[in-house]
Amino acid sequence: MPVTGGEHWMALEGGADGSGGGASYASRFVGIGASVPERRLGSAELMASTKYRTDIDLERLTGVHERRIAGESEDSYTLALGAARDALAYADCAAEDIEVLIVSSITHYVGGLRQQLDPPLSVSLKEALGARHAISFDISNACAGMMTGVFILNDMIRAGRIRRGMVVSGEYISQLGVNAAREIRTMMDDQLASLTLGDAGAAAILERAPDGAPGIEVAGFTTLAEHSRLCLAFPSKIGRGASMYSDARTLQQVGIEDTVPMLREALDQAGLEFDEIDYFIPHQTSARAIKKGMKEFSESMGGAPKHVVVTVDEFGNTSSTTHFVALWKYLTEGRFIKEDRVLLLSIASGLEVGIVIFKVDQLVGRYGHDH
């Protein structure tokens with residue numbers, strides 16, 4: 001179907017059995033890992049540090065109670081490495097079995113706020129993990145980075161080019177909030193979204209699924225480039241790191257409006273209705289944005305998922321890692337059963353819209369079930 005702005009919706013055809021569209025194979029998740037800093041920063045504490053008196057009740061406005069903040073020895077690299085090792089611990093494979101390793105973080109900080117561009121972070125991680133045989137490369141696609149990596153690996157596995165791959169990200173973005181606190185004056189400030197950010201690492205391992213086994217049913221992406229300037233970041237003029245400027249309200253509005261037809265198309269390709277989704281994991285921007293988006297999606301789709309996952313209250317917005325931190329949390333808490341179907345929805349600056357639909361299936365046996 002045509003998409004706003006003349007862009008193309010890129011999705012892998014296939015029914016609920018993952019066998020359609022002429023693809024020879026199906027892929028599935030076999031390990032989801034995360035690395036979350038111990039240090040917690042509450043919204044009240046953050047707002048108490050602002051240079052100007054703002055009278056902004058950040059927690060009420062965004063639903064963010066606290067976020068995790070990298071410690072002195074933590075950065076993009078260490079968070080990504082910890083998440084990758086965690087994912088390997090749950091997957092029935094060794095680092096040597098990884099054929100492609102993709103690093104998809106926005107930040108590439110190593111040793112504090114020092115950006116490492118050469119060698120690429122993927123090379124450093126490959127060597128540290130011992131993934132000696134893996135092809136490695138970095139990609140950057142704003143908050144949709146990990147979802148983009150999953151899309152790429154899913155395509156490679158389905159085409160028979162590889163059997164197993166990993167996408168990993170370490171986001172050390174809390175410095176954006178520190179810088180925003182030094183400049184923000186009102187709730188209409190274009191740095192407000194920076195106050196919701198938290199640090200985290202996440203990793204996902206995908207492999208070729210056995211014949212007939214459930215796995216990823218649909219993975220698709222589109223870019224709506226006419227909205228590309230709604231969120232921009234630049235080197236900070238007042239402190240270390242960067243500063244981010246967002247037209248958050250417009251970004252939310254166009255994100256919801258333009259996502260509806262793509263959500264419908266992805267569900268149609270999977271042969272599903274919206275109310276057949278057991279767990280819906282959206283990008284964790286704010287609790288209010290998620291609630292508004294769900295209301296409009298449900299009205300347009302004529303139904304609603306059984307559960308909507310919200311983790312922004314305790315982790316904040318962790319950028320490209322947000323979906324997989326949420327998925328990791330629910331897996332390690334034993335919330336899923338084998339038959340559960342999950343939909344991951346990324347609406348990221350760019351504007352990027354990504355959708356992945358899959359069945360939890362054998363992941364339950366790796367993490368357990370308590371609920």
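Predicted model: local features only at pLDDT ≥ 70, side-chain atom pairs only at ≥ 80, totals over all residues.
Which residues line the largest cavity? They are S27, R28, F29, P214, G215, I216, F358, K359, V360, D361, Q362 and L363. Strand 2 (27-35) and strand 15 (352-359) each bring at least two residues to this lining, and strand 2 gives the most, with 3 residues. Sorted by class, the lining of the largest cavity has 6 nonpolar, 3 polar and 3 charged residues.

## The second largest pocket

Next, have a look at a pocket. The second largest pocket contains about 220 Å³ of space. It is lined by 16 residues, and R39, L41, I69, S174 and V178 are the closest to its centre. Two or more lining residues come from each of helix 1 (43-47) and helix 6 (174-181).

Which element supplies the largest share of the lining of the second largest pocket? Helix 6 does, with 4 residues. By class, this pocket's lining is made up of 8 nonpolar, 5 polar and 3 charged residues.

## Helix 3 and its cover

Helix 3 covers residues 76-90, and you can check its length yourself. At 1.5 Å a residue, its 15 residues should span 21 Å. The C-alpha atoms at its ends are 22 Å apart, so the model agrees with that expectation.

Now find the residues of helix 3 that are buried: S76, Y77, L79, A80, L81, A83, A84, A87 and L88. What covers these buried residues? The cover includes strand 2, helix 4 (121-129), strand 7 (164-171) and strand 8 (200-208).

## The cysteines

A disulfide is a covalent bond between the sulfur atoms of two cysteines. How many disulfides does this model have? The count comes to 0.

The cut-off for a disulfide is a distance within 2.5 Å.

Are C93 and C143 buried or exposed? Residues under 20% relative accessible area count as buried. C93 has 14% relative accessibility, so C93 is buried. C143, at 15% relative accessibility, therefore counts as buried too.

Key
Residues numbered from 1 in each chain as written. Heavy atoms only, no water. Buried < 20%, exposed > 50% of the residue type's maximum accessible area, 1.4 Å probe, protein only. 1 Å grid on protein atoms, 1.4 Å probe; cavity = no way out; pocket = protein on both sides within 12 Å on 5 of 7 lines; lining within 4 Å. Nonpolar A, V, L, I, M, F, W, Y, C, P; charged D, E, K, R; others polar. Points joined across faces, edges and corners; volume = space filled by probe spheres on them. Expected span 1.5 Å × (residues − 1). Contact = heavy atoms within 4.5 Å.
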